[in-house]
Amino acid sequence: MNLAVTLYKRLKIKLFNKHNGTIIKSLYANLKAEYGKNVRIDEGTYVSQDVTIGDQSYVNANSRLQHCDVGKYCSISSNVNINPYNHNMRGLTTHPIGDGDRERKRVVIGNDVLISLNVVILEGVHIGNGAVIGAGAIVTHDVGDFEVWGGVPAKFIHYRVPDES
């Protein structure tokens with residue numbers, strides 16, 4: 001990116017932040033995405049235009065969010081990849097040209113979710129309110145409310161909040 005483009009983008013982001021009550025620091029965060037109040041997006045994070053992020057949530061450096069909805073008060077660590085492109089393993093080719101008009105499924109993340117360092121969340125996964133995803137996990141299935149998951153592939157470990165019964 002040349003200096004003029006960088007300066008232009010920084011100015012545009014500064015004005016966007018002032019007008020919308022956000023703290024966007026990344027030149028790669030699409031300003032057409034929906035950002036709630038006090039959302040923070042750190043340097044080097046890519047946010048596609050079809051993303052929504054709820055109030056008070058933050059995304060640390062060098063993460064990638066595509067085709068997803070993130071709830072309020074979520075903590076997303078560095079190097080997290082949400083909804084990367086899944087190649088078709090059943091077609092004649094694994095190249096995206098073989099997918100035609102395949103519709104991608106959204107990832108939906110509830111409120112107050114912690115997603116730790118280096119996590120990958122695959123297409124169509126739903127993560128419940130209060131859930132925790134451990135560092136390095138690859139999430140391929142839905143995660144329930146207040147569940148803690150980790151591993152490759154990610155599996156249920158325990159509930160975040162002890163059972164009251």
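Two strands count as paired if DSSP finds at least two bridges between them. Strands are DSSP runs (E, at least two residues), numbered from the N terminus. By that rule, I76 has I115 in β12 as its bridge partner. This is a predicted model, in which local features need pLDDT of at least 70, side-chain atom pairs count only at pLDDT 80 or more, and totals for chains, interfaces and linings use all residues. Residues are numbered from 1 along each chain as its sequence is written, and side-chain values use heavy atoms, without hydrogens and water.

**Sheet**
- Eight strands form an open sheet with mixed pairing, in the order β1-β3-β6-β9-β12-β15-β17-β18.
- β1 (23-24) and β18 (155-159) are the edge strands; each has a single partner, so one side of each lacks a neighbour in the sheet.

**Strand pairs**
- β9 (residues 75-76) runs parallel to β12 (residues 114-115), with two bridges.
- β17 (residues 147-150) pairs antiparallel with β18 over four bridges.
- Within β18, H158 stands opposite V148.
- Four residues separate β17 from β18 in their hairpin. In the turn, G151 has a positive phi of about 105 degrees.

**Largest pocket**
- A pocket is an open set of points on a 1 Å grid over the protein atoms alone, where a 1.4 Å probe fits, with protein on both sides within 12 Å along at least five of seven lines.
- The largest pocket holds about 160 Å³ of space, counted as the space filled by probe spheres set on the points.
- Its lining residues (an atom within 4 Å of a point) are Y8, K9, K12, I13, L27, A29, N30, L31 and K32.
- The lining comprises five nonpolar, one polar and three charged residues. Ala, Val, Leu, Ile, Met, Phe, Trp, Tyr, Cys and Pro count as nonpolar, Asp, Glu, Lys and Arg as charged, and the others as polar.
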